[in-house]
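Morning, everyone. Let's bring up the model.

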Amino acid sequence: MLRTLLQLLSWLALLATILPPLLFLTGGIELVQCHVSMLTATFLWFVVTPCWMERQSAQSAQTAEAP
Amino acid sequence: MVEEQATASEEFERQPVPARSLLGFKSFVGMYAGEHCAGTELMIGPLFVASGVSAVNLIVGLLLGNLLAVLSWMLLTAPIATRARLTLYFQLEQICGRRLVTLYNLANGVMFCFLAGAMVTVSATALGPIFRLQMPQLTDLYPNSLGWVVAASVVGVAISVVAAFGYQSVARFANIASPWMVLVFLAFGIVAAKQFVDASGAQIDSWDSAWNLATTAIWKGGEPLPGQIKFTFWHVTFFAWFCNMAMHIGMSDLTVFRFARKSHYAVATGAGMYVGHFMAWIAASMLFAYQLYETRPSEYMIQLLRDHSSKYADVDLGVLHNMPLSADTLRDAMAIEEQLVQAGTITAAQKQISVPTPLPGELAYNACGIAGLLCVIIAGWTTANPTIYRAGLAFQAIVPRTSRFAVTLFTGLLATVAGIFPAIAMKLLDFVAIYGMILMPMGAVIFVDFWLLRRLGLQSSYAAYSRTTFNWAAGLTWLLTLAMCVLMNKVVGIEIFFVSLPGWFIAAVLYIVLSKMYQKKVHAEAAVTAAS
């Protein structure tokens with residue numbers, strides 16, 4: 001339940017990262033508001049996402065290999 | 001998925017990856033999408049604009065070049081990776097022998113160091129808007145201020161220490177940051193598009209009007225900025241195809257795709273190419289195009305042009321003041337200054353005309369504020385981290401007794417020194433082409449060794465078979481191919497962006513011919529030794 005809530009918040013953070021530039025494009029908000037919204041969304045993403053995102057991926061398979 | 005994660009951490013450095021450790025398609029999509037949205041994309045996109053690329057050449061060139069890159073992974077790298085399931089280094093050791101692989105590691109490590117240096121440079125530009133530092137110029141090869149040296153040193157040392165202490169933590173952080181970074185890159189393009197619409201006063205109400213803005217204001221084509229070479233459709237295509245040449249044609253990603261269940265999973269590289277090397281490059285290029293569009297000639301430049309060039313003498317002052325700075329105007333002004341220096345009217349130190357410089361930090365800040373700055377720092381940091389780590393691994397293979405901590409720290413400090421010099425970042429297009437060219441011949445050696453040698457009656461994996469530590473056929477193939485590429489570039493005049501294509505075929509033919517001679521010679525010597 002908590003994990004689902006955190007994931008929902010992360011999705012909202014991503015939405016709040018891309019929505020302000022789109023609103024700026026359509027003339028809905030000013031650039032300063034866009035900057036503030038994006039910064040808030042960034043903060044939310046980096047606070048919430050590490051709590052649930054799985055910590056390993058194929059990347060570790062690539063980068064951890066020795067020559 | 002849990003099982004996949006558990007097995008992915010096993011390294012299988014000197015044995016084929018077992019079936020239980022193979023990974024699914026999704027793992028590769030995520031990895032490539034994240035890895036190719038890096039700090040350097042913020043330099044490459046603007047450099048396209050500085051090279052005078054036109055809209056159609058950029059978009060069609062990137063579509064085609066990235067498709068060729070994906071096909072290279074699918075048709076060259078993955079089929080070998082999923083059959084042999086070995087790391088690049090172990091497979092090369094079987095073919096080339098321990099000593100030749102050591103040389104390869106040295107070249108690879110040095111190239112990784114320079115690449116990480118460019119990432120340090122990109123990250124350090126984010127400190128410019130915060131501390132009002134004097135940043136390097138597009139034409140600078142050396143650091144131009146103490147502030148820049150301090151900024152690049154602080155960023156480089158911080159990245160190095162973190163890479164030495166906590167590589168895995170940064171790798172995890174990179175995974176977390178990746179989806180957010182992709183969206184911030186997209187935001188760069190969206191904000192820049194709106195800024196162009198506002199600045200040009202264009203009415204965008206149809207596809208045609210948007211395309212008209214793209215071709216007349218954003219990617220106008222024409223002459224490149226002074227000090228840059230002109231990029232045509234073929235330059236863009238070949239750059240997009242070969243910028244990861246070390247990974248696909250050079251076979252570095254054998255190490256990645258040895259974990260793939262199926263060879264066609266290499267299509268996942270398309271996620272990296274079309275997100276990082278299409279969307280991100282286009283977005284980053286728009287940021288610099290907007291900076292150029294908004295830059296007006298200074299009073300000094302206008303005076304210089306009107307006083308010394310008949311071309312500008314009769315142009316209305318108001319027109320000159322409101323004219324976006326173009327490559328032609330810059331060249332004219334710089335040529336006049338040079339003439340004045342040669343005539344002794346002014347000294348070289350009194351020259352004031354400088355070329356607008358794409359500084360990722362400033363560009364990102366102007367578009368997306370502090371979130372943009374954070375994106376520059378994080379994109380540079382998270383991609384410099386594995387690059388320094390990989391360079392460290394390559395060097396550690398040469399001096400195995402050194403601790404991984406010490407060698408990673410040393411490598412990071414080397415990258416920091418490289419990052420202080422802006423030349424690599426400002427000449428990133430050329431550097432990336434050279435990087436691919438240097439490692440490409442070994443990719444051709446692996447391809448020929450795996451698919452052709454046995455069919456031609458020769459022994460594959462010859463170093464393992466003959467227990468030699470230096471397979472001269474492979475070593476000479478590498479050196480002679482590089483020599484031929486340099487000759488094609490310097491004597492024939494084929495640009496560095498294109499030489500790797502004929503270079504690959506030269507390497508393939510050379511390796512077959514030299515293997516035929518070398519294997520015969522070694523067998524003959526062995527027979528003589530046995531007889532005596």
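Start with helix H4 of chain B, residues 55–84, and helix H20 of chain B, residues 428–451. This is a predicted model, so keep that in mind. The axes of these two helices come within 11 Å. They cross at roughly 55 degrees. That angle makes H4(B) oblique to H20(B). The handedness here is left-handed.

Who makes the contact? On the H4(B) side, look for B:Leu76, B:Pro79, B:Ile80, B:Arg83 and B:Ala84. H20(B) answers with B:Ile446, B:Phe447, B:Phe450 and B:Trp451. By class, that contact of H4(B) with H20(B) is eight nonpolar residues, no polar ones and one charged.

Now the second pair. Helix H3 of chain B covers residues 41–50, and helix H12 of chain B covers residues 269–294. Their axes come within 7 Å and cross at roughly 60 degrees. H3(B) and H12(B) are therefore oblique to each other. The crossing of H3(B) with H12(B) is right-handed.

Next, the residues. H3(B) brings B:Glu41, B:Leu42, B:Ile44, B:Gly45, B:Pro46, B:Phe48, B:Val49 and B:Ala50. Facing them in H12(B) are B:Gly276, B:His277, B:Ala280, B:Trp281, B:Ala284, B:Ser285, B:Phe288, B:Ala289 and B:Leu292. Sorted by class, the H3(B) contact with H12(B) holds 12 nonpolar, four polar and one charged residues.

To recap the handedness: left-handed for H4(B) and H20(B), right-handed for H3(B) and H12(B). Thanks.

Terms used: Residues numbered from 1 in each chain as written. Chains lettered and ligands numbered in written order. Predicted model: local features only at pLDDT ≥ 70, side-chain atom pairs only at ≥ 80, totals over all residues. Heavy atoms only, no water. Axes fitted to C-alpha atoms, helices over the stretch in contact; angles between N-to-C directions. Helix = DSSP H or I, 4+ residues; strand = E, 2+ residues; numbered from the N terminus. Parallel < 35°, antiparallel > 145°, perpendicular 65-115°, else oblique. Left-handed = near helix turned anticlockwise from the far one by under 90°. Contact = heavy atoms within 4.5 Å. Nonpolar A, V, L, I, M, F, W, Y, C, P; charged D, E, K, R; others polar.
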